[in-house]
Amino acid sequence: MVESVACPAIRKVRAECLTAWAQQMDVLVAERRPDRSAPPMAGTAAIGAVVHLPAAAIEEGRDLSSMSGILADTAYRLLPA
């Protein structure tokens, strides 16, 4: 993770990928639930959680295997089901 922050080219590609991923989340939610719009930037919030939670676990010395349920629950709560 440190290397991606230190290198401008990698940081740019990473940002583009995360933005595209968030936009795709918004599209998928809109397709799945056209009757319920997602809050503004819901996809960005979900992707932010997916990126931040494992980094926080690593920093705290926790086992990443415990993260799958937390990540799924966070995404589920941030995006309309």
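Author: Helices (H or I, at least four residues) and strands (E, at least two) are DSSP runs, numbered from the N terminus. Residues are numbered from 1 along each chain as its sequence is written. The model is predicted: local features need pLDDT of at least 70 and side-chain atom pairs pLDDT 80 or more, while totals for chains, interfaces and linings use all residues, and side-chain values use heavy atoms, without hydrogens and water.

Reader: In which helix does glycine 43 lie, and is this residue buried or exposed?
Author: Glycine 43 belongs to helix H3. Buried means under 20% relative accessible area, exposed over 50%, and partly exposed in between, with a 1.4 Å probe and protein chains only. Because its relative accessibility is 0%, glycine 43 counts as buried.

Reader: How many helices are there in the protein chain, and in what order do the elements run?
Author: The protein chain has four helices and zero strands. Read from the N terminus, its elements follow the order α-α-α-α.

Reader: How are the axes of H2 and H3 placed, roughly parallel or oblique to each other?
Author: The axes of helix H2 (residues 8-32) and helix H3 (residues 42-60) come within 7 Å and cross at roughly 125°. Axes are lines fitted to C-alpha atoms, for helices over the stretch in contact, and angles run from 0 to 180 degrees between N-to-C directions. Angles under 35 degrees count as roughly parallel, over 145 as roughly antiparallel, 65 to 115 as roughly perpendicular and the rest as oblique. H2 and H3 are therefore classed as oblique.

Reader: What is the C-alpha separation of glycine 43 and valine 29?
Author: Glycine 43, a residue of helix H3, is 14 residues from valine 29 in sequence. In space, C-alpha to C-alpha, the two are separated by 8.8 Å.

Reader: Is alanine 20 buried or partly exposed?
Author: Alanine 20 is part of helix H2, and its C-alpha atom is 9.7 Å from that of glycine 43, 23 residues apart along the chain. Because its relative accessibility is 41%, alanine 20 counts as partly exposed.

Reader: With which residues is alanine 57 in contact, leaving aside its neighbours within four places in sequence?
Author: Alanine 57 sits in helix H3 and is buried, with a relative accessible area of 0%. Its C-alpha atom lies 8.0 Å from that of methionine 67, ten residues apart along the chain. Apart from neighbours within four places in sequence, alanine 57 touches Arg62, Leu64 and Met67.

Reader: What percentage of the residues in the protein chain is buried?
Author: The protein chain has 81 residues. Of these, the buried share is 20%.

How values were computed
Contact means heavy atoms within 4.5 Å.
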